Structures are given as C-alpha cells and as structure tokens.
Amino acid sequence: MRTKKGIVVTAKDKTLKVKVTRKVLHPKYHKAYEVVKNFHAHDPESKYKVGDEVTIYETKPISKLKRWTVVSPK
C-alpha cells in the first residue's frame, strides 16, 4: 500500500485536494528542488479542513479523479 503525506488545499463534500511536496535532485546540476503535485482523496466523514496535514493511501478508483483515501492525520 503506497502512502503519501501532504496538506489539504481544498475540502469539499467527501473530497479533499491534498498537496504533496517532494524534493528531487537534478540529474546534471545536482541541485535539490521541490516538485509539488495535487491528489484528490476520499474523505468519507468530511472531517478534515483546509490546512490539515494528512496521510493518504492508494485505493481502487472511487470516481474519475479520486484514487486515494485519507488514512489519518499526519
């Protein structure tokens, strides 16, 4: 089960948009830079708000964009 940690950017009815940031090393110049990606996650109880730090895990497709579900805070 793949998991990722991120911050909630948008919280609507049972759906969260989670911003996940990771550091990558440039292959030629060896400088570290951040790559940011947003994931749509399922929140069945709608209990998380914007700014919360959550952990998400990969599941089977729930809708067109949702392939992740919230496990717990942090």
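Okay, let's start with a term: buried means under 20% relative accessible area, exposed means over 50%, and partly exposed is in between, using a 1.4 Å probe and protein chains only. K47, at 47% relative accessibility, therefore counts as partly exposed.

Quick word on where this comes from. This is a predicted model, where local features need pLDDT of at least 70 and side-chain atom pairs count only at pLDDT 80 or more, while totals for chains, interfaces and linings use all residues. Residues are numbered from 1 along each chain as its sequence is written, and side-chain values use heavy atoms, with hydrogens and water left out.

Back to K47, then. Its partner in a salt bridge is E45, with the closest N and O atoms 3.7 Å apart; by salt bridge I mean a side-chain nitrogen of Lys or Arg within 4 Å of a carboxyl oxygen of Asp or Glu. E45 is exposed, at 59%.

How many salt bridges does the structure hold? Two. In the other one, the side chains of E58 and R2 meet at 3.0 Å, N to O. That pair links distant parts of the chain, 56 residues apart: E58 sits in strand β4 and R2 in the segment before β1 (3–12). Strands here are DSSP runs of E, at least two residues, numbered from the N terminus. E58 is partly exposed at 36%, and so is R2 at 48%.

R2 also turns up among the residues that I56 touches, along with F39 and W68. That list leaves out residues up to four places away in sequence, and contact means heavy atoms within 4.5 Å.

Definitions and conventions:
Helix = DSSP H or I, 4+ residues; strand = E, 2+ residues; numbered from the N terminus.
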